[in-house]
Amino acid sequence: MAGNVVVLGIQWGDEGKGKIVDLLTESARAVVRFQGGHNAGHTLVIGGVKTVLHLVPSGILRPEVRCFVGNGVVVAPDALLAEINELELAGIDARSRIFVSPACPVILPSHVALDQARERARGSNAIGTTGRGIGPAYEDKAARRGLRMGELLDLPACTSHVLELVEYHNFLLRKLLNSDALDAAAVVAQCQMWGEALSPMIVDVASELERILKAGEAVLFEGAQGTLLDIDHGTYPFVTSSNTTAGAAASGSGVGPLTLSRVVGVVKAYTTRVGSGPFPTELFDSVGDHLASKGHELGATTGRPRRCGWFDAVAARRACWLNSVNSLCVTKLDVLDGVPQVQICTGYRLDGALLETPPVDSRALSRCEPVYEVMPGWEQPTAGAKRLSDLPTAARCYLERLATLLEAPLDIVSTGPDRQDTIVLRNPFGQ
Ligand code: IMP
């Protein structure tokens, strides 16, 4: 029987998961998004043609793959429709292959207004959210007052729920956040339009997955953001509002945990972070500038510059055991080409003590000093390499060291943005 694979980021997101999901879905019949929303930005390059996805699962470029948006995802219907239109303009039949759970919370325009107004109100303590309404939509879910995708199909019930919800949001916007209120009737009209446009795509995702799994077909679970942005295990409060870790693949899509046979942890060969929060290995020198420019480190969703730094094996090792990572994928190795010496953070120093595991508290983490191991760099290009033996010895040593520190087998190395710029040592689907 085919195994099922979770692909997730074990840093602060932007590890290049989209490309890996697209690559591995060659072996899968279905791809499922299980958390996050259109705060994600997954860039795929196939034959030089670039596609950026936010909400649509990264299996969409393979015509035989069905794409599911599980109950753990917060859905902005306008963003979903815009993305589908864009894909269709590019000749991809998206509409008939995307299935959205009726249990997904809906992101309303008032969630977006709240997200942005709260960030303004936080001033210098802003989290640096993507401003897409993600946090407020998850808040409403947890508070049991949120609107779910299935409700868009029942207009009378949806109308009264939306009016009540927007009235509540308007109260917060006006009274607490000194911001403009929204026109609730206009939001109702939008919901009506969304329900009509999306109704054929709203299906019981958990039941569909059960059928696919019973038939012995392989499923890929696609994480968004990264482990260090997990609401519980990340650098709280500078995190996103969902669980980004492997356990959420089960709860956020409606399958049992024993369904997940392999967990691919995707790491960049260095570290980046968008938004605020502690980042012990952040660089403010010419190497940081090199990583940012050579790595094109601009957020795929917001276009914000990403902060760059050395590989943090302390944080990544914790992320590996939090997720049961049993397959490692290192991306963007080529960005380190030409760096004379590469460094890996293997410990933190805090108040005179040497830590091998990061502190849970973000304030303590922000006081940690990285302890580095220095390795020789490599001059020869690794870009586009397809076999491990094509890589310079120093690059191979670097990869081996990462796998040893993270205690996970190295299965995939990505050496460029294109689907074909990849070294696959072992297919996580076991085929
Ligand atoms: P939110 O998810 O928009 O609420 O943003 C919370 C934090 O997560 C901010 O620091 C964002 O920059 C970060 N974030 C959200 N989505 C992504 C992503 O896909 N990649 C990297 N960072 C992200």
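Q: At what angle do α3 and helix α4 (residues 134-142) pack?
A: In this predicted model, the axes of α3 and α4 lie 7 Å apart. The crossing of the two helices is right-handed. Their packing angle is about 115 degrees.

Q: Which residues of α4 make the contact with α3?
A: On the α3 side, the contact is formed by H111, L114, D115 and R118. Taken over both helices, the contact residues comprise four nonpolar, one polar and four charged. The α4 side supplies I134, P136, A137, E139 and D140.

Q: Is α3 roughly parallel or roughly antiparallel to α5?
A: Helix α3 (residues 109-122) packs against helix α5 (residues 155-176) with the axes 10 Å apart and an angle of about 20 degrees. Angles under 35 degrees count as roughly parallel. Therefore α3 is, relative to α5, roughly parallel.

Q: Which residues of α5 take part in the contact with α3?
A: Helix α3 passes α5 in a left-handed crossing. From α3, the residues involved are S110, H111, A113, L114, A117 and R118. Their partners on α5 are V166, H169, L172 and L173.

Q: How many residues of the contact of α3 with α5 are charged?
A: The α3 side of this contact includes R118, and Arg counts as charged. The contact residues also include six nonpolar and three polar. The charged count is one.

Q: Which residues come nearest to the ligand?
A: There are 16 residues around the ligand. One of those that come nearest is D14, whose side chain has an N or O atom 3.1 Å from a nitrogen atom of the ligand.

Q: How far is a backbone N or O atom of G128 from an oxygen atom of the ligand?
A: A polar contact requires a pair of N or O atoms within 3.5 Å. G128 takes part through its backbone, and the ligand through an oxygen atom. The distance is 3.3 Å.

Q: What is the phi of Q225?
A: Q225 sits in the loop between β7 and α8, and an N or O atom of its side chain is 3.2 Å from a nitrogen atom of the ligand. Most residues other than glycine have a negative phi. Q225 is not a glycine, yet its phi is positive, at about 55 degrees.

Q: Which residues does the cis peptide bond with omega of about 5 degrees join?
A: Most peptide bonds are trans. The cis bond involves P237, which lies in the loop between β7 (219-222) and α8 (247-251). The residues joined are Y236 and P237.

Methods
Residues numbered from 1 in each chain as written. Predicted model: local features only at pLDDT ≥ 70, side-chain atom pairs only at ≥ 80, totals over all residues. Heavy atoms only, no water. Axes fitted to C-alpha atoms, helices over the stretch in contact; angles between N-to-C directions. Helix = DSSP H or I, 4+ residues; strand = E, 2+ residues; numbered from the N terminus. Parallel < 35°, antiparallel > 145°, perpendicular 65-115°, else oblique. Left-handed = near helix turned anticlockwise from the far one by under 90°. Contact = heavy atoms within 4.5 Å. Near = heavy atom within 4 Å. Polar contact = N/O pair within 3.5 Å; in protein donor to acceptor, adjacent residues only side chain to side chain.
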